[in-house]
Amino acid sequence: MSRTALRICPLCEATCGLTLTIEGTKVTGARGDRDDVFSRGFICPKGASFGAVDGDPDRLRTPLVRKDGELREATWEEAFDAVAAGIRPVVERYGPNSVGVVLGNPNVHTMAGALYPTVLLAGLRTRSLFTASTVDQMPKHVSSGLLYGDANAIPVPDLDHTDHLLLIGANPLESNGSLCTAPDFPGKLKALKARGGTLTVIDPRRTRTAKLADRHIAIRPGTDALLLAAMAYTLFEEGLADPRELTPHLQGLDELRDAVRDFTPEAVADACDVDAGTIRTLARELAAAPTAAVYGRIGSCTVPHGTLASWLVDVLNILTGNLDRPGGALFPQAATDRTPRPAGPGHGFALGRWRSRVGQHPEAKGELPLSVLAEEIDTATAEGEPIRALIAVAANPVLSAPDGDRLDKGLGSLDFMVSVDPYLNETSRHAHVVLPPPPPSQSPHHDFAFNTLAVRNQVRYTRPAVPLEPGRMAETEILARLILAATGMHGADPSAVDDLVIGQTLGKAVKEAHSTVHGRDPHELAAQLTGVNGPERRLDMMLRLGPYGDGFGVRLDGLNLDKLLAHPHGIDLGPLKSRLPQPLKTVSGKVELLPQPLADDLPRLREALRERPDGLVLVGRRHLRSNNSWMHNVPALTGGTNRCTLHIHPEDAERLGVRDGAPVRVKGAGGEVTAPAEVTDSVRPGVVSLPHGWGHNRPGTRLSHASITPGVNVNQLLDGSMLDPLSGNAVLNGVPVLLFPGDCDISGSAAGPRTPSRKAGRRA
């Protein structure tokens with residue numbers, strides 16, 4: 001007999017509610033939950049394929065431990081014994097920084113990934129942290145930290161109410177949105193147009209989103225910051241800059257005006273390949289709209305000036321008076337946010353508190369660039385020990401970081417490696433211990449991170465739809481035991497980790513004057529927590545202490561876990577509202593419009609005014625049915641248009657002798673790959689595009705479907721030297737490449753662009 005169960009989809013940032021059909025313990029179907037307070041029944045192909053993802057036969061079911069050079073099935077006890085025996089000697093002999101931690105994108109899609117990695121890092125005391133953020137959104141964190149004093153204070157466009165939306169480097173019809181959690185992003189864009197609003201898309205590709213736009217600007221890749229700076233200049237020059245109610249909260253408006261004076265539309269036009277008149281029109285339309293929002297994403301982050309571009313996105317929202325305004329860009333308020341503190345000056349945001357050992361790259365938000373992980377492993381210096389042990393949690397940097405071949409060799413040289421991953425993939429194949437979490441249906445779900453980016457305030461929680469299979473271990477318990485094994489407490493009860501966090505959090509809360517539990521007994525508060533396990537007790541604690549919480553009985557109508565469980569489709573907490581100045585944590589207590597690190601980076605942007613690529617440049621792309629390297633092993637999500645092909649404009653194809661469907665050799669600073677050509681005018685001339693997340697052809701993996709059509713690893717074209725200096729983010733877009741027909745000898749001088757230059761993105 002079949003039954004149904006609710007589940008929040010963990011397969012992308014939209015966080016849609018699903019209704020699963022279950023036969024016994026197998027998920028046989030998934031449809032949108034029409035009663036979900038946030039997604040209202042919307043579902044995309046990934047969500048509809050939940051059962052296939054969940055039941056992938058290649059998912060590991062038991063731990064693997066390396067013995068005599070081979071990974072073999074083992075018990076959980078044997079696995080954690082091996083972790084303790086592998087990690088602790090490295091820490092004790094070489095110090096905590098000799099243990100690296102790599103956190104992949106899937107961590108933000110699970111409760112375990114949200115609750116435990118910070119505890120692991122605190123216990124290890126390592127500064128060798130690398131995450132997917134530095135191949136994605138770190139520029140936005142850094143710009144927000146510098147502007148607002150909080151790297152996680154990221155305003156999102158008020159999609160349901162704005163009159164004018166300008167997207168730069170974003171393709172939400174394929175991605176479902178990113179750093180902007182919005183189920184049915186396509187529907188919201190169509191609703192914008194239906195109510196008479198305007199959609200402008202700036203992108204070198206004519207994406208599905210661009211096709212929907214009223215205006216599509218095919219910008220030259222990598223010049224986003226120049227165009228945005230010219231728009232800011234125009235607002236000042238034409239007297240259109242009007243922050244309105246924001247003015248009392250701003251510091252540095254005059255300095256900002258002076259800082260952009262060199263970026264006239266005429267000065268940037270050639271570099272951007274966008275005429276000056278169009279740039280002025282973009283600025284005027286933005287200023288004239290009743291409400292407007294500028295939203296930039298990965299295409300504007302993964303470029304040489306990613307932090308400046310991310311900063312200028314917010315600058316335009318500020319100059320038009322649309323920051324912190326309904327219909328503009330607003331700061332969400334998640335139910336598990338910390339207790340809001342009174343408005344006032346904070347500690348601010350600091351960059352470069354330490355640096356990487358080899359390349360001396362500054363940390364950002366406590367992280368080092370993922371691009372430098374390989375050199376931190378394989379290069380000896382006098383600055384300290386290289387990384388000798390690695391803990392990888394839901395991470396596949398061999399495919400996601402530049403120069404996977406070098407990293408692949410580096411991982412093989414480690415003294416010890418443990419990987420928490422459901423697959424034996426291109427990275428986890430190197431591990432000495434693999435700890436496989438259960439499939440999503442057997443895990444609880446609450447979106448800690450994505451609710452801080454949601455376009456409507458709401459809260460939802462789903463318990464496991466299917467009980468844990470015999471022999472499986474909950475992901476929360478896996479990470480708790482990993483923490484104990486790696487920090488010298490192997491063998492302790494895993495509940496000790498949750499008890500420690502609860503004790504520390506409540507102990508701090510009762511000392512904060514603004515807290516609803518100020519002056520109370522933390523032990524008495526801990527005794528009130530409900531939930532069937534430690535993670536649920538921690539969720540209950542965060543809800544009670546949060547902005548909508550019951551304050552442990554202080555507010556009778558407030559949130560707690562029991563109330564949330566009584567609303568299985570979630571609780572709507574209302575539209576986004578103006579919140580300034582409360583979110584600000586800058587030293588001044590104001591929005592600091594021109595922080596010194598950004599001012600110091602502007603000369604590099606001025607240099608870019610003179611740069612003109614004389615050959616082809618590469619950009620990435622993604623498909624609605626994929627998410628990084630996760631889903632290429634699911635037959636339902638591959639094939640059709642979701643293929644690893646090189647998009648090339650017909651003019652470039654004709655000039656270089658490239659035929660549609662024929663193999664093309666692409667060469668970059670980090671290596672070369674060969675992919676089939678797909679001749680299409682969806683890319684502008686001078687631009688080619690390869691999707692990321694492919695390259696499933698390495699031996700020793702267990703990805704049976706992905707290996708049939710492995711594709712190529714686009715990041716192998718990069719050598720890791722091109723970084724945004726402020727954030728350490730990898731430059732993945734606008735990268736110069738050489739292109740040759742597959743049967744051409746590239747050792748000689750062939751027709752095509754010159755050898756790629758690395759100068760533009762080198763660390764300053």
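The expected span of a helix is 1.5 Å times one less than its number of residues. Helices (H or I, at least four residues) and strands (E, at least two) are DSSP runs, numbered from the N terminus. The model is predicted: local features need pLDDT of at least 70, side-chain atom pairs count only at pLDDT 80 or more, and totals for chains, interfaces and linings use all residues. Residues are numbered from 1 along each chain as its sequence is written, and side-chain values use heavy atoms, with hydrogens and water left out.

**View A. Helix H3, residues 76-94.** H3 has 19 residues and spans 27 Å from its first C-alpha to its last, close to the 27 Å expected at 1.5 Å a residue. Its buried residues (under 20% relative accessible area; exposed is over 50%, partly exposed in between; 1.4 Å probe, protein chains only) include Trp76, Phe80, Val83, Ile87, Arg88 and Val91. Just after H3, Gly95 has a positive phi of about 100°.

**View B. Charged ends over the rings of Tyr94 and Phe552.** A charge sits over a ring if NZ of Lys or CZ of Arg is within 6 Å of the ring centre and within 35 degrees of the ring normal. The charged end of Arg388 lies over the ring of Tyr94, 4.0 Å from its centre. Arg544 places its charged end over the ring of Phe552, 5.1 Å from the ring centre.

**View C. Strand E16 and its two pairings.** Two strands pair if DSSP finds at least two bridges between them. E15 (residues 389-393) runs parallel to E16, joined by 5 bridges, and Ile391 stands opposite Val418. E17 (residues 433-435) also pairs with E16 in the parallel sense, over 3 bridges; here Ser419 stands opposite Val434. Phe416, Val418 and Val420 point one way from E16, Met417 and Ser419 the other way. Since 5 of the 5 residues of E16 (residues 416-420) are buried, the strand is largely enclosed by the rest of the structure.

**View D. The aromatic pair of Tyr148 and Phe331.** Rings of Phe, Tyr and Trp (its six-membered ring) pair if their centres lie within 6.5 Å; planes under 30 degrees apart count as stacked, over 60 as edge-to-face and the rest as tilted. The structure holds 3 such pairs. Tyr148 belongs to helix H6 (residues 138-148) and Phe331 to the loop between strand E14 (329-330) and helix H16 (373-378), so the pair ties together parts 183 residues apart in sequence. Tyr148 is buried at 0% relative accessibility, and Phe331 is buried at 3% relative accessible area.
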